[in-house]
Structures are given as C-alpha cells and as structure tokens.
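Have the model open as you read.

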Amino acid sequence: FGLLPPSSSQGGVGGTAMQNLGTKDQATFRSIVRFYETKQYKKGIKAADTILKKNPDHGETLCMKGLALSCLPDKKEEAYELVKKGLTKDLKSHVCWHVLGLLHRQDRNYTDSMKCYTRALANDPTNLQILRDLAVLQIHSRDLPGFAETRRKLAVQKSNNRQNWMGYAIAEHMNKNYEMAKAILESAEQTFKDDTTITAYEASEVAMYKIMLLEESGQLSQALALMNLEEKRITDKFG
C-alpha cells in the first residue's frame with residue numbers, strides 16, 4: 001500500500017497525534033508502519049500493543065493495529081472495530097482517515113475509500129501518498145474530473161518531478177481538454193529543457209503525444225505542421 005512516507009514534509013508519520021507520544025513510543029509507532037509495509041503483521045500488532053498498554057486511547061495506534069489485523073485471516077470485523085474506535089479518538093488525524101480508506105479499498109468499497117482519503121486530505125492537504133492513493137481510485141472509478149484535479153495537486157506539490165506533469169497532462173487529455181494537455185506538455189518541456197536524463201526517445205514520445213492531441217481535437221493541419229516541425233526529434237518513424 002505504501003501507507004505512510006517517513007518524511008513529515010510529505011505528510012507522513014510525524015503528525016500532532018504521534019508527537020503526543022514519548023520519544024520511545026514514537027520510534028515504536030514508526031516500527032508498526034515498517035512491519036505493516038513489510039507484511040510482518042503479527043510483529044506490528046505486538047508493537048502496537050506496547051504503545052496501547054500506556055496509551056489505550058491513542059487513535060493512530062489503534063488504527064494501525066486494526067490495519068495489521070485486517071491482513072490476518074478472519075480478523076476483518078475486529079479490524080474495522082479497532083479502526084473506527086481509533087478514528088473516534090482522533091477525528092483530525094489524516095493517518096486514521098487514511099487507514100479507514102485502506103480498509104475500504106481492501107474490500108473494494110471504492111466510493112467509501114475515496115471519501116476517507118478526501119477527509120484525510122482535509123487534515124493534511126499536501127500529503128503526496130494520500131493524493132496518489134486517491135488518484136488511483138479516481139481513475140479506477142472513472143471519476144475523470146476528480147482525477148485531473150488530484151493530478152494537478154500532485155504536480156504542484158512536487159513540481160520538480162517531470163512525471164507528475166506528464167500525469168497531469170494525461171489526466172486533462174482523458175477529460176478531452178486537449179489544449180490544456182498540450183500546454184502542460186509544452187510547459188514541462190521548457191521547465192526540464194536542461195535535464196540531461198531525458199533520452200531522445202522520451203523527447204520523441206512527447207512530440208508525438210502533442211501531435212496526437214492536435215489530431216484528436218480535430219486540428220489536422222496543425223498536427224501535420226507540428227509533425228514536420230518536430231521531424232528531427234521523432235525517432236520512431238513508423239510508430
């Protein structure tokens with residue numbers, strides 16, 4: 001799932017609720033996340049119990065224990081009970097809402113999962129992991145306008161990542177906003193024009209993508225003109 005990025009600058013572990021724990025318990029809480037992400041669920045539950053012995057009402061720990069339980073046989077009902085209990089203890093925690101969203105996603109309750117992710121983002125609007133998780137469900141559910149807006153937020157939050165701008169352009173394309181998609185591609189080309197990691201093939205694919213956008217929007221003469229202009233950059237002459 002890629003639940004919680006380790007850096008608080010990305011909106012992961014490090015919220016107010018965890019800061020209310022002692023230093024040792026904060027480290028234990030981080031270990032719960034690691035155990036979950038490495039599928040060591042029983043170890044994660046055991047680590048959660050060490051915190052809950054001293055802090056029985058710590059919402060985020062209750063939720064993380066519930067998430068680990070949800071991955072064990074015949075524990076889903078108990079997992080939901082724990083997560084919902086944890087959420088009532090900390091309604092402003094993006095971690096608690098994210099975890100409940102993950103449980104709903106496990107059960108393919110995508111609408112409820114997206115609602116939880118949206119609530120999580122209301123408490124932590126710059127959380128990249130939750131934005132990515134939301135985008136995946138939006139495209140899966142064919143919520144194309146929502147998908148485009150989430151991809152826009154990802155691009156803005158991580159503007160130095162070229163792939164985020166490509167993803168935003170694709171999202172606008174899927175919404176048939178051809179001019180916007182082309183403008184995003186052109187802006188990204190200018191922004192990353194000095195990036196030496198971009199291969200000739202990648203640059204060629206972007207050029208062909210812009211031509212395709214013009215073609216799909218009915219601007220055939222402009223598409224032909226751009227093809228002639230970009231001819232030297234296009235490496236796949238038969239694609």
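Let's start with Ile-130, which sits in helix H8 (residues 128-140); helices here are DSSP runs of H or I with at least four residues, and strands are E runs of at least two, numbered from the N terminus. Ile-130 has a relative accessible area of 0%, so it is buried (buried means under 20% relative accessible area, exposed over 50%, partly exposed in between, with a 1.4 Å probe and protein chains only). Setting aside neighbours within four places in sequence, Ile-130 is in contact with His-94, His-98, Tyr-117, Ala-120 and Leu-121, where contact means heavy atoms within 4.5 Å. Ile-130 and Lys-43 are 87 residues apart in sequence, and their C-alpha atoms are 25 Å apart in space.

A word on where this comes from: the model is predicted, local features need pLDDT of at least 70, side-chain atom pairs count only at pLDDT 80 or more, and totals for chains, interfaces and linings use all residues. Residues are numbered from 1 along each chain as its sequence is written, and side-chain values use heavy atoms, with hydrogens and water left out.

**Around helix H2**

Thr-28 belongs to helix H2 (residues 23-37). Is Thr-28 buried or exposed? With 16% relative accessibility, Thr-28 counts as buried. Leaving out neighbours within four places in sequence, its contacts are Ala-47, Thr-50 and Ile-51.

**Salt bridges**

Side chains of opposite charge can pair when their charged atoms come close. How many salt bridges does a search of the whole structure find? The search finds 12, with a salt bridge taken as a side-chain nitrogen of Lys or Arg within 4 Å of a carboxyl oxygen of Asp or Glu. Three of them are set out here.

| Pair | N to O distance |
|---|---|
| Asp-25 and Lys-54 | 3.1 Å |
| Lys-76 and Asp-107 | 2.8 Å |
| Arg-233 and Glu-189 | 2.8 Å |

Take the Lys-76 and Asp-107 salt bridge. Lys-76 is in helix H5 (residues 76-89), while Asp-107 is in the loop between helix H6 (94-106) and helix H7 (110-123), and this pair links distant parts of the chain, 31 residues apart. Lys-76 is partly exposed, with a relative accessible area of 24%, and Asp-107 counts as partly exposed at 31% relative accessibility.

Next comes the Arg-233 and Glu-189 salt bridge. Arg-233 lies in the segment after helix H13 (220-229) and Glu-189 in helix H11, so the pair ties together parts that are 44 residues apart in sequence. Arg-233 is partly exposed at a relative accessible area of 31%, and Glu-189 counts as partly exposed at 22% relative accessibility. There's a network here as well: salt bridges with shared partners join Glu-189, Lys-210, Glu-230 and Arg-233.

**H5 against H6**

H5 and H6 pack at an angle of about 155 degrees, and their axes are 9 Å apart. Axes are lines fitted to C-alpha atoms, for helices over the stretch in contact, and angles run from 0 to 180 degrees between N-to-C directions. H5 and H6 are therefore roughly antiparallel to each other (angles under 35 degrees count as roughly parallel, over 145 as roughly antiparallel, 65 to 115 as roughly perpendicular and the rest as oblique). Their crossing is left-handed, a term used if the near helix is turned anticlockwise from the far one by less than a right angle, with right-handed used if clockwise. On the H5 side, the contact involves Lys-76, Ala-79, Tyr-80, Val-83, Gly-86 and Leu-87, which meet H6 residues including Trp-97, Leu-100 and Leu-103. By class, the contact of H5 with H6 has nine nonpolar, three polar and one charged residues; Ala, Val, Leu, Ile, Met, Phe, Trp, Tyr, Cys and Pro count as nonpolar, Asp, Glu, Lys and Arg as charged, and the others, Gly among them, as polar.

**H11 against H12**

Helix H11 (residues 178-191) and helix H12 (residues 200-216) pack at about 160 degrees, with axes 9 Å apart. That makes H11 roughly antiparallel to H12. Seven nonpolar, no polar and five charged residues make up the contact of H11 with H12.

Lys-182 is in H11, and it is buried, with a relative accessible area of 16%. Not counting residues up to four places away in sequence, Lys-182 touches Lys-210, Leu-213, Leu-214 and Leu-226.
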